[in-house]
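Here are a few exercises to work through with the model open beside you. Try each task before reading its solution.

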Amino acid sequence: MNRLSLRARLLLGVIALVALGLAAADIATYTSQRSFLLSRVDQALEAAHAQVEGIAFEHFGDDGGGPGFRGPAPAGADWYELRTPDGTVIRHGFLVGGGAAPRLPTTITVPNTPNAHGERVSYFTAASSKEGASYRIRASVEPQAPGVQLIVASALSSVDGTLAHLRLILLIVTFGVLAALTALGLWVVHAGLRPLREIEATAARIAAGDLSQRVELADDRTEVGRLGLALNGMLARIEAAFRAQEASEQKLRRFVSDASHELRTPLAAVRAYAELFGRGASRRPEDLERSLTGIVRESERMSLLVQDLLLLARLDEGRPLEREAVSLDEVVTEAVDAAQVVEPERPFVVEVEPATVIGDRERLRQIVDNLLSNVRAHTPPRTPVRISVARAGDRALVSVADSGPGLTDEQLEHVFERFYRADESRARASGGVGLGLSIVAAVADAHGGRAFAGSDSSGATFAIELPLADSGSAGPEAASSLEPHDSSG
């Protein structure tokens, strides 16, 4: 059975079940009809016996064969016999009609227990040993003639004919129903399994590489439809996972390419300064100082880049940060003071309110410094900048808004990606290597918050949202009037 198809197994199972039901119904019908017909014959024999019993010893001939029944013929019986206890037939003959005398069983057992009329009676069916015909026999021991058996028999030709006709009808009906059921079952199973065939075809196309395929016309009211819906959901997740994997691989390739590019530049500079030293700079004080200063400067640039990459790698691995209560307003105030020292000519507008979060103070200071460095790198020196710390429900919101040229929608979409810079020329005057905002987004995410950006005609705004220390919340929640461009997207 396991090698058969689901359609064949379903069809065979239904046919077998219905065949068993029909067979049981046929047997019950046949048995009930046979029992009913025999009970009618028994009633007729009982009535005939009452007539034969009253005149049996007066109306039968004197010889063993007898000329037959001489009185009115009793209805319902065809043959009679009188027997001694050893089975010797005393008299016998036809009650109605004539023909060949049947040969009934030699020994007939009559029960020892009398019935309500004082008679010892038994009913049974027997085949005549001469004709092969069936007879229904009533055998009794009469009270007025102890030891003598009175046997009254009736041929069952009409009963056998009725039962044979009934058997033929039952067989025709049974096979007709099974044939109709087979045809109907084939159609129903074929129609019912059509969605499964569609699912099979869809799975084959998916296996060939087309992840956009879906099961069509999936109806949640049927089992197969629910299977199709579940498969569609699974396929959507698989496709999303593949797309995410492809995007991750693309980001990884871009990351490696950009990291190689950024490291290659200072390494080339260090190599150039080293070659300058080898060509005799050690004997010329001005060239020696230039070489060493350049090597130190480029080494520091490489060190900063490597530190940023290591930080991002640790955050990607989910390594735990320091967990302590941090006054976010104090961190922002310290970062603004440091930025004012670097750019005393830039106007800073600061609006803070007390807000305490749980996290790593150094990393939180780093992301605020990165936001201020981003403003410094992409806006003119005297462009005002507004820094605020506010509470929004169970979240703390730190925003840095400038009055610069702003960002395009495409730039907003990619601004938190690693090594992304709005200036595709990679001119060093336009900023760093493109990891500052990536670190902002990664650190905010590691603290259970998020980073987002917005832009309008008045400039660009970058913000981080963190759960307050007493909120117990770690999920992102929009709390800004900006149209947010989330770092997670």
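**Exercise 1.** Find out how many contacts beyond four places in sequence the model has for residues 473-483, where pLDDT stays under 50.

*Solution.* Start with the score: pLDDT is the predictor's confidence in each residue, from 0 to 100. A contact means heavy atoms within 4.5 Å. For residues 473-483 the model has 29 such contacts beyond four places in sequence. Residues 60-68 also stay under 50 in pLDDT, and there the model has 19. Where pLDDT is low, the predicted coordinates should not be read in detail. Over the chain, the average pLDDT is 78, and 82% of the residues score at least 70.

A word on the ground rules: this is a predicted model, in which local features need pLDDT of at least 70 and side-chain atom pairs count only at pLDDT 80 or more, while totals for chains, interfaces and linings use all residues. Residues are numbered from 1 along each chain as its sequence is written, and side-chain values use heavy atoms, with hydrogens and water left out.

**Exercise 2.** Work out how helix 2 and helix 3 are oriented to each other.

*Solution.* First, locate them: helices (H or I, at least four residues) and strands (E, at least two) are DSSP runs numbered from the N terminus. Helix 2 covers residues 157-192, and helix 3 covers residues 194-207. Next, take the geometry, with axes fitted to C-alpha atoms over the stretch in contact and angles running from 0 to 180 degrees between N-to-C directions. The axes are 4 Å apart, at an angle of about 40°. Helix 2 and helix 3 are therefore oblique, the class left after roughly parallel (under 35 degrees), roughly antiparallel (over 145) and roughly perpendicular (65 to 115). His 190, Ala 191 and Gly 192 of helix 2 meet Arg 194, Pro 195 and Arg 197 of helix 3.

**Exercise 3.** Decide whether His 190 is buried, partly exposed or exposed, and list what it touches.

*Solution.* Buried means under 20% relative accessible area, exposed over 50%, and partly exposed in between (1.4 Å probe, protein chains only). At 35%, His 190 is partly exposed. Leaving out residues up to four places away in sequence, His 190 touches Arg 7, Gly 185 and Arg 197. The C-alpha atoms of His 190 and Arg 7 are 7.5 Å apart, although 183 residues separate the two along the chain.
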